[in-house]
Amino acid sequence: MTTHPAADLRTRFIFDDQPVRGLHVHLQHVWQHIVQRKHYPAVIQSALGELLAAGALLSSNLKLPGKLILQIQGQGDLKMLVAETDSNHSCRATARWNEQARLDDGRSLTELLGENAIFGITLQPNEGEPWQGIVPLEGSSIAAMLTAYMRRSEQLDTHITLAASEHAVGGLLLQRLPEKQIDADAWAHYTTLADTLTAQELLSLDAQHLLYRLFHETPPRVFEPEALEFACTCSRGKVSDMLLLLGGQEVGGIVAEQGSIAIDCDFCGEKYVFDDTDIQALFGMEIEAMIGQQLQ
Ligand SMILES: [Zn+2]
């Protein structure tokens, strides 16, 4: 029994007669949580939704407790897309862009990202050092970027199909299992079938119907679905650490000028406000003199 909405599920499946496994994901409430917090331009919204679906698919392979972060950094009007999913099935995602620019002018994702954009995957275990792989961005869609990344970084054949609308995101991943050989024709058969999926099917079908639609001739073994949910990992403690990194000079200057410093979480919109008393407690005595001096 699950109390989670049936709309936010990740489902693993495996073909018994071929070394191919797969994952399906469909997120509705999680995605609503994200899109309702910011007014995303259409191109950014759909790229972010696809990145979220991709993160939800790939995080299924996390070996240790921790999180998987997919990040795209651009040099154009689109600065950053980031999607995180952790081993507790929590997801969050956000984007940063030039809010002064008009982005509904028909420019593609590639144009918005500009030259020298990069694609990165970070595995951040709860304990121990993070692992990060960064490659130059290739491809014009999130699925193509991920496929290019996979091709560069590992030998496993992986096929990803993604879709996003303002209401839901969906994705299907097929992966060739490393242990056994598969003939090229069989792998091509699966990926060709996956390519017949329409965005509408990815956005509206649950795993059962989607897998039947694709593979009813050789049905895979389907595992119990896992529920995913939106959750943010921001905290006052983490914002405090960030302020300490910024340094007393900068933070003290802002507090002296504005009376307090306010930091909004990019992912969930939570507002963290630190007044001069909080800042003095954070930095200790030396900042007190500085704030005092600037006030005079
Ligand atoms: Zn947050």
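Tutor: Let's start with Thr85, which sits in strand β4 (residues 78-86). Keep in mind that this is a predicted model.

Student: Okay! Is Thr85 buried or exposed?

Tutor: Thr85 is buried, because its relative accessible area is 1% and buried means under 20%.

Student: And which residues is Thr85 in contact with?

Tutor: Leaving out neighbours within four places in sequence, Thr85 is in contact with Gly55, Ala56, Ser59, Leu62, Lys67, Leu68, Ser90 and Cys91.

Student: Can we zoom out? How many helices and strands does the chain have?

Tutor: The chain has eleven helices and 14 strands. Its C-alpha trace spans about 80 × 45 × 35 Å along the principal axes. There are 296 residues, and 47% of them count as buried.

Student: Now the metal. Which residues coordinate the zinc ion?

Tutor: Four cysteines do, each through its SG atom: Cys232, Cys234, Cys265 and Cys268, at 2.2 to 2.3 Å. Along the chain these donors follow the spacing C-x1-C-x30-C-x2-C.

Student: That x30 jumps out at me. Where are Cys232 and Cys265?

Tutor: Cys232 lies in the loop between β12 (229-230) and α8 (236-246), and Cys265 in the loop between β13 (260-264) and β14 (271-275). They are 33 residues apart, so this pair links distant parts of the chain.

Student: Why is the zinc arrangement called tetrahedral?

Tutor: The four donor atoms subtend angles of 104 to 114° around the zinc ion, and that makes the arrangement tetrahedral. For comparison, the ideal angle for four tetrahedral donors is 109.5 degrees.

Student: You mentioned α8. What does α8 pack with?

Tutor: α8 packs with helix α10 (residues 276-283) at an angle of about 70°, with the axes 11 Å apart. The two helices are therefore roughly perpendicular to each other.

Student: Which residues meet there?

Tutor: From α8 come Arg236, Ser240, Leu243 and Leu244, and from α10 come Asp278, Ile279, Leu282 and Phe283. By class, that contact has five nonpolar, one polar and two charged residues.

Student: What's going on in α9?

Tutor: Helix α9 covers residues 248-258, and Val251, Gly252, Gly253, Val255 and Ala256 in it are buried. Just after α9, Gly259 takes a positive phi of about 85°.

Student: Where are they?

Tutor: His89 is in the loop between β4 and β5 (90-97), and Asn116 is in the loop between α3 (109-113) and β6 (118-125).

Student: Buried or exposed?

Tutor: His89 is partly exposed, at 23% relative accessibility. Asn116 is exposed, with a relative accessible area of 63%.

Student: What else does Met150 touch?

Tutor: Not counting residues up to four places away in sequence, Met150 touches Leu58, Thr158 and Ile160. Met150 is buried, with a relative accessible area of 6%.

Student: How far apart are Met150 and Leu58?

Tutor: They are 92 residues apart along the chain, and their C-alpha atoms are separated by 11 Å.

Methods
Residues are numbered from 1 along each chain as its sequence is written. This is a predicted model: local features need pLDDT of at least 70, side-chain atom pairs count only at pLDDT 80 or more; totals for chains, interfaces and linings use all residues. Side-chain values use heavy atoms; hydrogens and water are left out. Donors are N, O and S atoms within 2.8 Å of the metal (3.2 Å for Na, K and Ca); water is not among the atoms, so sites may look incomplete. Four donors count as tetrahedral if all angles lie between 85 and 135 degrees; four count as square planar and six as octahedral if opposite donors are over 155 degrees apart and all others between 65 and 115; anything else is irregular. Helices (H or I, at least four residues) and strands (E, at least two) are DSSP runs, numbered from the N terminus. Axes are lines fitted to C-alpha atoms, for helices over the stretch in contact, and angles run from 0 to 180 degrees between N-to-C directions. Angles under 35 degrees count as roughly parallel, over 145 as roughly antiparallel, 65 to 115 as roughly perpendicular and the rest as oblique. Contact means heavy atoms within 4.5 Å. Ala, Val, Leu, Ile, Met, Phe, Trp, Tyr, Cys and Pro count as nonpolar, Asp, Glu, Lys and Arg as charged, and the others, Gly among them, as polar. Buried means under 20% relative accessible area, exposed over 50%, partly exposed in between (1.4 Å probe, protein chains only).
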